[in-house]
Amino acid sequence: NESSKKNPEATTSGGGKPNGVFLDKDGKPCRACTAFRDWTKRGKKKESSQHKVEMTTKEGNATGGDIANNNSSQGLPQDCPPDSEQLGRATWTFLHTMAAYYPEKPSSEQQISMRNLLSGFSQFYPCWYCAEHLREEMNKIPPKVESRRALGKWLCDMHNIVNERLDKPIFDCNKINERWKDGPKD
Ligand code: FAD
(Lines give C-alpha, C1' and ligand atoms only; values in the text may rest on other atoms or scores of the structure.)
Protein backbone atom coordinates (compact mmCIF):
# COMPACT_ATOMS: atom_id res chain seq x y z
CA ASN A 1 0.00 0.00 0.00
CA GLU A 2 0.80 3.65 -0.29
CA SER A 3 2.39 4.33 3.08
CA SER A 4 4.62 1.29 3.30
CA LYS A 5 5.86 2.04 -0.23
CA LYS A 6 6.86 5.51 0.79
CA ASN A 7 8.38 4.45 4.05
CA PRO A 8 11.43 2.29 3.51
CA GLU A 9 9.93 -0.98 4.71
CA ALA A 10 8.93 0.61 8.00
CA THR A 11 6.53 -1.81 9.50
CA THR A 12 5.98 -3.85 12.57
CA SER A 13 7.73 -7.09 13.31
CA GLY A 14 5.94 -10.46 13.30
CA GLY A 15 3.63 -9.87 16.25
CA GLY A 16 2.99 -6.25 15.34
CA LYS A 17 5.22 -4.73 17.98
CA PRO A 18 6.81 -1.57 16.74
CA ASN A 19 10.55 -1.13 17.00
CA GLY A 20 12.72 1.85 16.31
CA VAL A 21 11.86 5.17 14.73
CA PHE A 22 9.23 5.04 12.01
CA LEU A 23 9.24 7.37 9.05
CA ASP A 24 6.24 9.27 7.78
CA LYS A 25 5.14 9.54 4.16
CA ASP A 26 7.42 12.51 3.65
CA GLY A 27 10.40 10.41 4.79
CA LYS A 28 10.79 12.34 8.04
CA PRO A 29 10.71 10.56 11.41
CA CYS A 30 7.13 10.23 12.63
CA ARG A 31 6.78 10.98 16.35
CA ALA A 32 3.17 9.77 16.45
CA CYS A 33 4.37 6.39 15.12
CA THR A 34 7.30 6.02 17.52
CA ALA A 35 7.56 5.27 21.24
CA PHE A 36 9.38 7.98 23.17
CA ARG A 37 12.09 5.58 24.36
CA ASP A 38 12.98 4.77 20.76
CA TRP A 39 12.91 8.44 19.86
CA THR A 40 15.41 9.27 22.60
CA LYS A 41 17.69 6.44 21.49
CA ARG A 42 17.67 8.06 18.08
CA GLY A 43 18.60 11.37 19.75
CA LYS A 44 21.59 9.80 21.46
CA LYS A 45 22.83 8.25 18.25
CA LYS A 46 22.42 11.58 16.51
CA GLU A 47 24.56 13.30 19.12
CA SER A 48 27.32 10.83 18.45
CA SER A 49 27.03 11.75 14.75
CA GLN A 50 26.44 8.09 13.92
CA HIS A 51 22.76 8.69 13.35
CA LYS A 52 20.88 6.52 11.00
CA VAL A 53 17.15 6.10 11.38
CA GLU A 54 16.53 2.73 12.92
CA MET A 55 13.65 0.63 11.85
CA THR A 56 12.21 -2.81 11.76
CA THR A 57 12.21 -4.28 8.30
CA LYS A 58 9.39 -6.33 6.86
CA GLU A 59 11.58 -9.37 7.48
CA GLY A 60 11.55 -8.49 11.16
CA ASN A 61 15.14 -7.29 11.51
CA ALA A 62 14.50 -5.12 14.49
CA THR A 63 17.22 -2.61 15.11
CA GLY A 64 15.35 -0.36 17.48
CA GLY A 65 14.07 -0.77 21.03
CA ASP A 66 11.51 -3.14 22.40
CA ILE A 67 8.01 -2.51 23.69
CA ALA A 68 8.36 -4.21 27.05
CA ASN A 69 8.05 -1.03 29.06
CA ASN A 70 4.48 0.30 28.94
CA ASN A 71 5.47 3.60 30.41
CA SER A 72 7.82 4.75 27.73
CA SER A 73 6.00 8.09 27.46
CA GLN A 74 7.17 8.87 30.98
CA GLY A 75 9.79 11.54 30.79
CA LEU A 76 8.19 13.01 27.67
CA PRO A 77 7.95 16.73 28.45
CA GLN A 78 4.33 17.91 28.70
CA ASP A 79 4.55 20.32 25.81
CA CYS A 80 6.16 17.83 23.43
CA PRO A 81 4.22 16.34 20.53
CA PRO A 82 2.72 12.98 21.57
CA ASP A 83 4.57 9.75 21.01
CA SER A 84 2.75 6.66 19.72
CA GLU A 85 1.83 5.47 23.22
CA GLN A 86 0.60 8.81 24.58
CA LEU A 87 -1.43 9.29 21.41
CA GLY A 88 -2.81 5.74 21.73
CA ARG A 89 -3.87 6.19 25.36
CA ALA A 90 -5.53 9.54 24.66
CA THR A 91 -7.30 8.17 21.60
CA TRP A 92 -8.61 5.04 23.32
CA THR A 93 -9.83 7.27 26.16
CA PHE A 94 -11.75 9.38 23.67
CA LEU A 95 -13.13 6.42 21.70
CA HIS A 96 -14.27 4.35 24.70
CA THR A 97 -15.76 7.39 26.42
CA MET A 98 -17.58 8.38 23.26
CA ALA A 99 -18.99 4.86 22.97
CA ALA A 100 -20.06 4.93 26.64
CA TYR A 101 -22.12 8.08 25.99
CA TYR A 102 -23.42 7.05 22.55
CA PRO A 103 -27.24 6.82 22.51
CA GLU A 104 -28.62 3.51 23.73
CA LYS A 105 -30.95 3.53 20.73
CA PRO A 106 -29.37 5.76 18.08
CA SER A 107 -31.41 7.09 15.17
CA SER A 108 -30.44 6.06 11.63
CA GLU A 109 -28.77 9.44 11.16
CA GLN A 110 -26.74 8.96 14.34
CA GLN A 111 -25.70 5.50 13.21
CA ILE A 112 -24.56 6.89 9.85
CA SER A 113 -22.62 9.68 11.59
CA MET A 114 -20.86 7.20 13.86
CA ARG A 115 -19.99 4.94 10.94
CA ASN A 116 -18.59 7.93 9.04
CA LEU A 117 -16.64 9.09 12.09
CA LEU A 118 -14.99 5.69 12.53
CA SER A 119 -14.26 5.38 8.85
CA GLY A 120 -12.67 8.85 8.75
CA PHE A 121 -10.79 8.14 11.94
CA SER A 122 -9.27 5.00 10.44
CA GLN A 123 -8.09 7.08 7.45
CA PHE A 124 -6.52 9.87 9.43
CA TYR A 125 -5.15 8.34 12.62
CA PRO A 126 -1.64 9.85 12.67
CA CYS A 127 0.24 6.61 13.39
CA TRP A 128 0.03 5.27 9.84
CA TYR A 129 0.79 1.63 10.54
CA CYS A 130 -1.73 1.64 13.44
CA ALA A 131 -4.31 3.07 11.02
CA GLU A 132 -3.45 0.41 8.43
CA HIS A 133 -3.96 -2.38 10.93
CA LEU A 134 -7.20 -0.78 12.08
CA ARG A 135 -8.56 -0.56 8.53
CA GLU A 136 -7.72 -4.22 7.95
CA GLU A 137 -9.57 -5.21 11.11
CA MET A 138 -12.52 -2.94 10.27
CA ASN A 139 -12.80 -4.63 6.89
CA LYS A 140 -12.99 -8.00 8.62
CA ILE A 141 -15.28 -6.84 11.44
CA PRO A 142 -17.23 -3.69 10.42
CA PRO A 143 -18.26 -1.25 13.17
CA LYS A 144 -21.42 -2.15 15.07
CA VAL A 145 -23.31 1.08 15.56
CA GLU A 146 -26.88 -0.05 16.19
CA SER A 147 -26.73 0.56 19.96
CA ARG A 148 -24.47 1.85 22.74
CA ARG A 149 -23.92 -1.68 23.91
CA ALA A 150 -22.98 -2.93 20.44
CA LEU A 151 -20.57 -0.05 19.80
CA GLY A 152 -18.89 -0.42 23.19
CA LYS A 153 -18.37 -4.14 22.67
CA TRP A 154 -17.07 -3.70 19.10
CA LEU A 155 -14.58 -1.08 20.24
CA CYS A 156 -13.49 -3.24 23.16
CA ASP A 157 -12.88 -6.11 20.74
CA MET A 158 -10.88 -3.83 18.41
CA HIS A 159 -8.76 -2.63 21.31
CA ASN A 160 -8.21 -6.22 22.43
CA ILE A 161 -6.98 -7.14 18.94
CA VAL A 162 -4.35 -4.39 19.30
CA ASN A 163 -3.61 -5.50 22.88
CA GLU A 164 -3.00 -9.02 21.68
CA ARG A 165 -0.64 -7.86 18.95
CA LEU A 166 1.32 -5.83 21.50
CA ASP A 167 1.36 -8.58 24.14
CA LYS A 168 -0.75 -6.44 26.47
CA PRO A 169 -3.40 -7.97 28.75
CA ILE A 170 -6.80 -8.71 27.22
CA PHE A 171 -9.46 -6.48 28.75
CA ASP A 172 -12.71 -7.98 30.08
CA CYS A 173 -15.38 -6.34 27.89
CA ASN A 174 -17.99 -6.82 30.63
CA LYS A 175 -16.16 -4.06 32.48
CA ILE A 176 -16.35 -1.28 29.90
CA ASN A 177 -19.10 0.61 31.75
CA GLU A 178 -17.22 0.47 35.01
CA ARG A 179 -13.98 1.58 33.32
CA TRP A 180 -15.36 4.26 30.99
CA LYS A 181 -18.64 5.56 32.47
CA ASP A 182 -19.79 4.59 35.95
CA GLY A 183 -16.53 4.02 37.81
CA PRO A 184 -15.97 1.24 40.33
CA LYS A 185 -18.82 0.20 42.62
CA ASP A 186 -18.25 1.41 46.18
P1 FAD B 1 -3.87 1.46 26.18
O2 FAD B 1 -3.87 0.23 25.30
O3 FAD B 1 -3.70 2.78 25.52
O4 FAD B 1 -5.24 1.43 26.99
C5 FAD B 1 -5.65 2.52 27.81
C6 FAD B 1 -6.58 1.97 28.88
O7 FAD B 1 -7.72 1.40 28.24
C8 FAD B 1 -6.00 0.82 29.68
O9 FAD B 1 -5.25 1.28 30.77
C10 FAD B 1 -7.24 0.04 30.13
O11 FAD B 1 -7.77 0.56 31.33
C12 FAD B 1 -8.22 0.31 29.02
N13 FAD B 1 -8.37 -0.80 28.09
C14 FAD B 1 -7.42 -1.66 27.64
N15 FAD B 1 -7.93 -2.51 26.76
C16 FAD B 1 -9.24 -2.18 26.64
C17 FAD B 1 -10.31 -2.73 25.86
N18 FAD B 1 -10.15 -3.77 25.05
N19 FAD B 1 -11.52 -2.15 25.97
C20 FAD B 1 -11.73 -1.10 26.81
N21 FAD B 1 -10.75 -0.55 27.55
C22 FAD B 1 -9.53 -1.09 27.47
N23 FAD B 1 0.38 0.82 19.10
C24 FAD B 1 1.27 0.04 18.44
O25 FAD B 1 2.39 -0.06 18.91
N26 FAD B 1 0.93 -0.62 17.29
C27 FAD B 1 -0.30 -0.54 16.74
O28 FAD B 1 -0.58 -1.12 15.69
C29 FAD B 1 -1.26 0.28 17.40
N30 FAD B 1 -2.49 0.44 16.89
C31 FAD B 1 -3.36 1.30 17.51
C32 FAD B 1 -4.61 1.49 16.93
C33 FAD B 1 -5.49 2.40 17.50
C34 FAD B 1 -6.83 2.62 16.85
C35 FAD B 1 -5.12 3.12 18.65
C36 FAD B 1 -6.08 4.13 19.24
C37 FAD B 1 -3.89 2.92 19.24
C38 FAD B 1 -2.99 2.00 18.68
N39 FAD B 1 -1.74 1.77 19.25
C40 FAD B 1 -0.85 0.96 18.61
C41 FAD B 1 -1.40 2.31 20.59
C42 FAD B 1 -1.64 1.25 21.68
O43 FAD B 1 -2.91 0.61 21.51
C44 FAD B 1 -1.63 1.81 23.11
O45 FAD B 1 -2.53 2.90 23.20
C46 FAD B 1 -0.27 2.28 23.60
O47 FAD B 1 0.68 1.23 23.45
C48 FAD B 1 -0.35 2.67 25.10
O49 FAD B 1 -0.77 1.49 25.83
P50 FAD B 1 -1.22 1.46 27.33
O51 FAD B 1 -0.66 0.22 27.91
O52 FAD B 1 -0.94 2.74 28.01
O53 FAD B 1 -2.82 1.27 27.34
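This is a predicted model: local features need pLDDT of at least 70, side-chain atom pairs count only at pLDDT 80 or more; totals for chains, interfaces and linings use all residues.
Local features need pLDDT of at least 70 and side-chain atom pairs count only at pLDDT 80 or more, while totals for chains, interfaces and linings use all residues. Residues are numbered from 1 along each chain as its sequence is written.

I start with the annotation. An unreviewed UniProt entry lists residues 80-180 as "domain: ERV/ALR sulfhydryl oxidase"; positions are in the numbering used here, feature names are shortened, and annotations may be inferred rather than shown by experiment. That span is 70% helix and 0% strand, and its end C-alpha atoms lie 27 Å apart. Helices (H or I, at least four residues) and strands (E, at least two) are DSSP runs, numbered from the N terminus.

Next, the ligand. Of the 25 residues around it, Gly88, Cys130, Cys156, His159 and Phe171 come nearest; a residue is near if its C-beta atom, placed from the backbone, lies within 6 Å. H3 (84-101), H5 (128-140), H6 (148-165) and H7 (176-182) each supply at least two shell residues. The largest share, 7 residues, comes from H3.

Now H3 and H6. Their axes, lines fitted to C-alpha atoms over the stretch in contact, are 8 Å apart at an angle of about 160°, on a scale from 0 to 180 degrees between N-to-C directions. The two helices are therefore roughly antiparallel, the term for angles over 145 degrees. On the H3 side, the contact (C-beta atoms, placed from the backbone, within 7 Å) involves Trp92, Leu95, His96, Ala99 and Ala100. H6 contributes Arg148, Leu151, Gly152, Leu155 and His159.

Definitions and conventions
Angles under 35 degrees count as roughly parallel, over 145 as roughly antiparallel, 65 to 115 as roughly perpendicular and the rest as oblique. Two residues are in contact if their C-beta atoms, placed from the backbone, lie within 7 Å.
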